[in-house]
Amino acid sequence: MEMTARLLDLDLQAPLFQAPMAGAQDHRLALAVCQAGALGALPTAMLSLEQLDQELKALSSGTQAPFNVNFFAHTQPEPDPAALQGWHAALTPYYLELGLDPKDMPQGAGRQPFGPAAAEVLQAYRPAVVSFHFGLPDAQLMRRIQSWGSRVLCSATTLPEALWLQAQGVDAVIAQGLEAGGHRGHFLSHDLSEQMGTMALVAQLSRALSIPVVAAGGIADARGVQAALALGAQAVQVGTAFLCADEATTSPLHRAALMSPNSRHTALTNLFSGRPARGIVNRLMRDIGPLSPLAPAFPLATAAIAPLRKAAEAQGRSDFTPLWSGQNTLGCQSAPAAQIVQALMAGFPPA
Ligand SMILES: Cc1cc2nc3c(=O)[nH]c(=O)nc-3n(C[C@H](O)[C@H](O)[C@H](O)COP(=O)(O)O)c2cc1C
């Protein structure tokens, strides 16, 4: 398969994709990446429909270059009162410690999966790429997106997931290795023992699939890019290395953690949302996790954590903050995103 900047007919300097990172960026990072010749991405999992429209407006009016709009495609769980009660009981001591009233513990879903209403908003913008995490929306919605000319991408964490996505007609698969920061994108099996590192996953997927494979997880410099390409990837997706970019919205506490020796200690945790995600180990993860059966189903764990996080952050503490990070923080630098793009671009062969 040809490895060119025209991968998926995208007009890019090289097939370098910035990973969408909900909670750590908005259109500004995506725009800076697009302007530097790579594929910028807009994460939308935490946006209302109005915010989605505003962000899309800001991004599309800022660049003619292709960009990626990313959605979560999980199934919203039925609230389980017993599970929520157990979760609230586990968090009560922390509420008391921070002077918060446990009776005010909020509930609710926080993150909505992609659906027809979001598709309505998206249709006006027809982005070059639409990507999904946690599986795909229903087939009709996916066809609708592709009918606009948008390419559909989705994360896979195992070979069976990648083969399933290919059979559904996605245009490319993102091979998300275990090194990756943020949420694991699995959707066929919740058994984490099936998941593997980027090197193993990219090699397996690029051998078995006929559609392009995008390598994600642990890629932080030009050599990482070269390694992914050597394993058969057609493109790379990089997240953590952009977290300290000037244009990211990553909080000062999160930036400090990424730049500190603590960033050597990451783990998968389900405490902040209900689904496993990789972040820098902090107090809550040490105390009751990192993976705990007490956390209710995704995304229902999030709401009750929010007041703890806010109160602790006001004291300069990240005890209850999800410090999402991949295993490889080597590429994190406080610099314009364009500089980070340039460093990664050096790993691609000349056009
Ligand atoms: C802070 C953070 C937030 C993330 N949020 C999303 C998201 O909203 N949607 C998504 O598809 N992937 C998300 N990811 C995962 C990335 O798409 C990608 O798999 C990962 O960043 C690649 O590994 P790396 O962080 O080692 O570069 C997130 C990753 C991070 C670090």
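Q: In which loop does P290 lie?

A: Helices (H or I, at least four residues) and strands (E, at least two) are DSSP runs, numbered from the N terminus. In this predicted model, P290 lies in the loop between α10 (283-288) and α11 (302-314). The peptide bond from G289 to P290 is cis, with omega near 5°. P299 is found in the loop between α10 and α11 as well, and a cis peptide bond with omega of about 0° joins F298 to P299.

Q: What conventions apply to the numbering and to the values?

A: Residues are numbered from 1 along each chain as its sequence is written, and side-chain values use heavy atoms, with hydrogens and water left out. As this is a predicted model, local features need pLDDT of at least 70 and side-chain atom pairs count only at pLDDT 80 or more, while totals for chains, interfaces and linings use all residues.

Q: What is the mean pLDDT of the protein?

A: The pLDDT is the predictor's confidence in each residue, from 0 to 100. Its mean for the protein is 96, and 98% of the residues reach 70 or more. Over residues 1-5, however, the pLDDT is below 50; beyond near neighbours in sequence, this stretch has 16 contacts (heavy atoms within 4.5 Å) in the model.

Q: What is the order of the strands in the open sheet?

A: Strands of a sheet pair through backbone hydrogen bonds, either parallel or antiparallel. Two strands count as paired if DSSP finds at least two bridges between them. Here the open sheet of three strands has the order β7-β11-β10, with antiparallel pairing. The edge strands, β7 (182-183) and β10 (266-269), each pair on one side only. Four bridges join β10 to β11 (residues 277-280), and A267 stands opposite G279 in β11.

Q: Which residues come nearest to the ligand?

A: A residue is near a molecule if one of its heavy atoms lies within 4 Å of it. Of the 20 residues around the ligand, P20, N70, G218, G239 and T240 come nearest.

Q: Which polar side-chain atom lies 3.1 Å from an oxygen atom of the ligand?

A: A polar contact is a pair of N or O atoms within 3.5 Å. The side-chain atom in question belongs to Q176. From the backbone, a polar atom of A22 is 3.1 Å from a ligand oxygen, and an N or O atom of G181 lies 3.2 Å from a ligand oxygen. The protein covers 98% of the 600 Å² of accessible area (Shrake-Rupley method, 1.4 Å probe) that the ligand has on its own.

Definitions and conventions: Polar contact = N/O pair within 3.5 Å; in protein donor to acceptor, adjacent residues only side chain to side chain.
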